[in-house]
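Q: Hi! Could you walk me through how the helices and strands in this one are put together?
A: Happy to; here it is.
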Amino acid sequence: MSSDSNGVQIHNKRRLPDFLQSVNFKYVKLGYHYLITYLFALTLIPIMLFIIIHVTHMNLEDFHAIWLQLKYNLAIILIFSIILVSGFTIYFFTRPRAIYLIDFSCYRPPSHLIVQSHQFIEHSRLTGDFDESSLEFQRKILERSGLGEETYVPDAMHHILPTPTMAKAREEAEQVMYGALDNLFANTNVNPKDIGILIVNCSLFNPTPSLSAMIVNKYKMLGDIRSYNLGGMGCSAGVIAIDLAKDMLQVYRKTYAVMVSTENITQNWYFGNKKSMLIPNCLFRLGGAAVLLSNKASDRRKSKYELFCVVRTHKGADDKAFKCVYQEQDDAGKTGVSLSKELMAIAGDSLKTNITTLGPLVLPISEQLLFFSDLVARKIFNAYKKPYIPDFKLAFDHFCIHAGGRAVIDELEKNLQLEPQHIEASRMTLHRFGNTSSSSIWYELAYIEAKGKMKKGNMVWQIAFGSGFKCNSAVWKALRNVKPSPNSPWEDCIANYPVNIVA
């Protein structure tokens, strides 16, 4: 339950820095370094095109002359053949395999787990753990949060008094993970025994046996499955899990990978009065997602998306960034997640680094040239003029910004110069489901699909923040006009959205 974007609720005057007004040259170089890794393929294509065009303009006499020339130069033919075969062999074995997203599923909790704002406050009052100042603070947070009146909390939080037991926490985890996976396997007709890689991420609930072991046991997966359990990595752990799955699918041929993103609220509710630790109670809600990935070329035709790239930024080397989202005990010995005053500034710095690295990979050549030449000119001549700001709307058709809090969505909209339609999915996900941690970017993608906006060739940018402090991006390309899968979380309510959110 990382509290990535929520510190702004405590410090309303602390806004994200205008990070696009200053970029670090080394991160631009890093982005171009990623681009150069594909230089062999990029140079081979124009060479082949040149050869093909030249051959099409040759006649029979030209071919006969070449034959006579080569007939008595077997050494040249041999050398040329070796170079050609070696080149294609190196390219074939070193090129990254395409990673396909066949489908994904977001968990839709039952209606009896809905919590409205007045119920939330009254329930908090009845627990007897919060003083009047803390109750009023939470009420104000809820008013400004951007959450609607149909978000969900786990069953343990509906009890008076709450029952944050290990058994209830396991029950919540099973409910969310199995609910998402059952729907995923039903929609894709994939046998769980065919899954070769399983990755589960949940920050604050890490029981023994692990959550990944619970899934293996539930679906009776095979003994040689490669399973991983990621803990403590915050709301950006979903993108980290995608990156890990990508790397694993480069190693193991012709297999499926399943990624499950969730967070557990039952044992991580804060029952104290420290203001900086109360915000997660107000914003985090029940939810989770399961994603099916494949490296099989035959799965391309039935897949929704192809992974374009993943860019990860980690600011953990800096002490302030490391401690800006920190799980600890308050003076009364009650455990919660504390948010520092520097959270917004650190989030802005990590985002600046991330998009500066991402730019060379996704921006059109025209934007890259303008941005890079402007950056070099200011670096060489030490000019203090306003830098050129790349237009990321030229690179992406859809934006899935982690629904961590309303204020950060507002700031990203301003700093990235986005239009209201670009951040609609993020705002509506926050309103309908609250902050579901690492799974929120999948509820947003499901929203775009449910609205019928995802067309073949569209580029999607998923971006999330997490404790540590991290900012991670995943970019997908739609392989077809994507329709929502059965039992989408928006299936029975999409007609009601978008809604107007009162400021």
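A: One term before we start: a crossing is left-handed if the near helix is turned anticlockwise from the far one by less than a right angle, and right-handed if clockwise. Helices (H or I, at least four residues) and strands (E, at least two) are DSSP runs, numbered from the N terminus. This is a predicted model, where local features need pLDDT of at least 70, side-chain atom pairs count only at pLDDT 80 or more, and totals for chains, interfaces and linings use all residues. Residues are numbered from 1 along each chain as its sequence is written, and side-chain values use heavy atoms, with hydrogens and water left out.

Q: Great. Which way does α5 cross α6, left-handed or right-handed?
A: The crossing of α5 past α6 is right-handed. The axes of α5 (residues 117-127) and α6 (residues 132-144) come within 10 Å and cross at roughly 165°; axes are lines fitted to C-alpha atoms, for helices over the stretch in contact, and angles run from 0 to 180 degrees between N-to-C directions.

Q: And what do we call that arrangement of α5 and α6?
A: They are therefore roughly antiparallel to each other. The cut-offs: angles under 35 degrees count as roughly parallel, over 145 as roughly antiparallel, 65 to 115 as roughly perpendicular and the rest as oblique.

Q: Which residues meet there?
A: From α5, S117, F120, I121, S124 and R125 meet E132, L135, Q138, R139 and L142 of α6, where contact means heavy atoms within 4.5 Å. By class, that contact has four nonpolar, three polar and three charged residues. Ala, Val, Leu, Ile, Met, Phe, Trp, Tyr, Cys and Pro count as nonpolar, Asp, Glu, Lys and Arg as charged, and the others, Gly among them, as polar.

Q: Switching to strands: what order do they take in the open sheet?
A: Nine strands line up as β5-β4-β6-β7-β1-β8-β13-β12-β11, with mixed pairing; two strands pair if DSSP finds at least two bridges between them. At the edges sit β5 (226-230) and β11 (398-401), each pairing on one side only.

Q: How many bridges join β6 to β7?
A: Seven, and the two strands run antiparallel. T262 has G288 in β7 as its bridge partner.

Q: Which helix packs on the sheet?
A: Helix α9 (residues 237-251) does, touching β4, β5, β6, β7, β8 and β13.

Q: Last one: what comes just after α7?
A: There N189 takes a positive phi of about 60°.
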